Amino acid sequence: MFHEVSLQEEISKALETVTMFKIGDGDFWVFKESIVTLWIVSAIIIVFVIIATRNLKVKNPGKVQLAIELLLEKGLGFFEGLVGKGGRIYLPYLMCLITFIGVADVLPIFGFKPPMKDVSVTIGLAVMSIVVVQYAAIRQKGVKKWLKSFTKPVGIVTPLKILELFIKPFSLCMRLMGNMIGAFAIMKMIEYACPVVVPAFASLYFDLFDGLLQAFVFAFLTALYIGEAVEEDEEEEKEVTKTETIKSETTNNIKEGEKLCHL
């Protein structure tokens with residue numbers, strides 16, 4: 001019983017969001033550990049981009065440049081297959097999203113607490129992604145068609161469509177945070193039960209593979225949502241074009257038939 005309580009307390013303490021510093025006497029300018037960690041993530045990505053793009057060459061590129069270009073090409077090609085041609089402008093956002101979350105999830109290997117265990121971080125990422133999805137829908141359809149889409153296929157589903165606006169970011173948020181907290185708690189239990197050797201191997205899975213997997217899943221679902229928002233309008237345009245073509249062909253056939261009758 002003592003061991004169970006001790007382990008539970010240790011995990012709870014490890015999952016607490018610690019305040020690093022604050023400005024002033026109020027609670028508004030309070031900077032938690034997760035926010036400071038995200039600053040470190042941003043700094044790492046910015047420094048890497050500056051170094052990686054400093055000596056780019058068109059002819060005879062180096063191995064590092066070729067590796068980066070290959071990753072970008074594969075990543076952009078994969079996400080373009082999900083969002084379609086109409087969603088190409090959102091590819092940079094998706095690449096930034098998977099890179100940012102991936103680096104943040106890998107940091108625990110170096111002793112940092114995973115920032116994704118803080119619900120405010122995952123809520124921010126989820127809301128940002130859903131705003132991009134809705135922007136893609138409005139940009140593709142226009143405001144009127146976007147509002148009208150909530151009544152399709154029948155008006156009775158309108159409340160469910162509106163509820164979906166809140167369900168999607170909530171599911172993205174809870175999925176990311178839940179998986180990261182679960183992996184963090186399991187790692188703590190492994191360290192508590194067997195503090196030597198085993199945690200090092202377990203960390204390779206939970207902090208590296210699982211972290212990168214969660215970044216991929218988050219970006220993958222965001223790309224699917226964008227693809228759905230853009231694809232629906234593309235299908236409607238195809239149906240309208242098809243209908244207009246049929247009407248035009250029918251009209252031409254009627255006119256030809258009338259000419260034959262007059263002859």
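Colleague: Leaving aside its neighbours within four places in sequence, which residues is Ala229 in contact with?

Modeller: Contact means heavy atoms within 4.5 Å. With neighbours within four places in sequence left aside, Ala229 is in contact with Val133, Ala137 and Lys141. Note that this is a predicted model, in which local features need pLDDT of at least 70, side-chain atom pairs count only at pLDDT 80 or more, and totals for chains, interfaces and linings use all residues. Residues are numbered from 1 along each chain as its sequence is written, and side-chain values use heavy atoms, with hydrogens and water left out.

Colleague: Where is the place of Ala229, and is Ala229 buried or exposed?

Modeller: Two terms are needed here. Helices (H or I, at least four residues) and strands (E, at least two) are DSSP runs, numbered from the N terminus. Buried means under 20% relative accessible area, exposed over 50%, and partly exposed in between, with a 1.4 Å probe and protein chains only. Ala229 is placed in helix H8, and its relative accessibility of 8% makes it buried. The C-alpha atoms of Ala229 and Gln140 are separated by 8.1 Å, although the two residues are 89 residues apart along the chain.

Colleague: How many helices and strands are there in the protein chain?

Modeller: The protein chain has eight helices and two strands. Read from the N terminus, the order is α-β-β-α-α-α-α-α-α-α. Of its 263 residues, 32% count as buried. Among contacts with a separation of 6 or more, 70% come from residues 24 or more positions apart.

Colleague: How do I read a pair of helices, and at what angle do the axes of H4 and H5 cross?

Modeller: Axes are lines fitted to C-alpha atoms, for helices over the stretch in contact, and angles run from 0 to 180 degrees between N-to-C directions. The axes of H4 (residues 91-106) and H5 (residues 119-141) cross at roughly 170° and come within 12 Å. Angles under 35 degrees count as roughly parallel, over 145 as roughly antiparallel, 65 to 115 as roughly perpendicular, and the rest as oblique. H4 and H5 are therefore roughly antiparallel to each other.

Colleague: Which residues in H4 meet which residues in H5?

Modeller: From H4 come Tyr93, Leu97 and Ile101, and they meet Leu125, Met128, Ser129 and Val132 in H5. By class, this contact of H4 with H5 has six nonpolar residues, one polar and no charged. In this scheme Ala, Val, Leu, Ile, Met, Phe, Trp, Tyr, Cys and Pro are nonpolar, Asp, Glu, Lys and Arg are charged, and the others, Gly among them, are polar.

Colleague: What is a salt bridge, and to how many does the count come?

Modeller: A salt bridge is a side-chain nitrogen of Lys or Arg within 4 Å of a carboxyl oxygen of Asp or Glu. The count comes to two salt bridges. Glu80 forms one with Arg88, with the closest N and O atoms 2.7 Å apart. Glu80 is partly exposed at 26% relative accessibility, and Arg88 is partly exposed at 43%.

Colleague: Which parts does the pair of Glu228 and Lys168 tie together?

Modeller: The side chains of Glu228 and Lys168 meet in a salt bridge at 3.9 Å, N to O. Glu228 lies in helix H8 (residues 198-262) and Lys168 in helix H7 (residues 158-193), so the pair ties together parts that are 60 residues apart in sequence. Glu228 is partly exposed at 39% relative accessibility, whereas Lys168 is buried at 15%. With neighbours within four places in sequence left aside, Lys168 is in contact with Ile130, Tyr225 and Glu228.

Colleague: What does Leu208 touch, not counting residues up to four places away in sequence?

Modeller: On that count, Leu208 touches Val106, Ile109 and Ser203. Leu208 is in helix H8 and is partly exposed, with a relative accessible area of 33%. Leu208 and Ile109 are 99 residues apart in sequence, and their C-alpha atoms are 7.4 Å apart in space.

Colleague: How many disulfides does the structure hold?

Modeller: A disulfide is a pair of cysteine sulfur atoms within 2.5 Å. The structure holds zero disulfides. Cys96 is exposed, with a relative accessible area of 52%, while Cys173 is buried, at 3%.

Colleague: What is the phi of Asn60?

Modeller: Most residues other than glycine have a negative phi. Asn60 is not a glycine, yet it has a positive phi of about 50°. Its place is in the loop between helix H2 (33-52) and helix H3 (63-83). Asn60 is exposed, with a relative accessible area of 71%.
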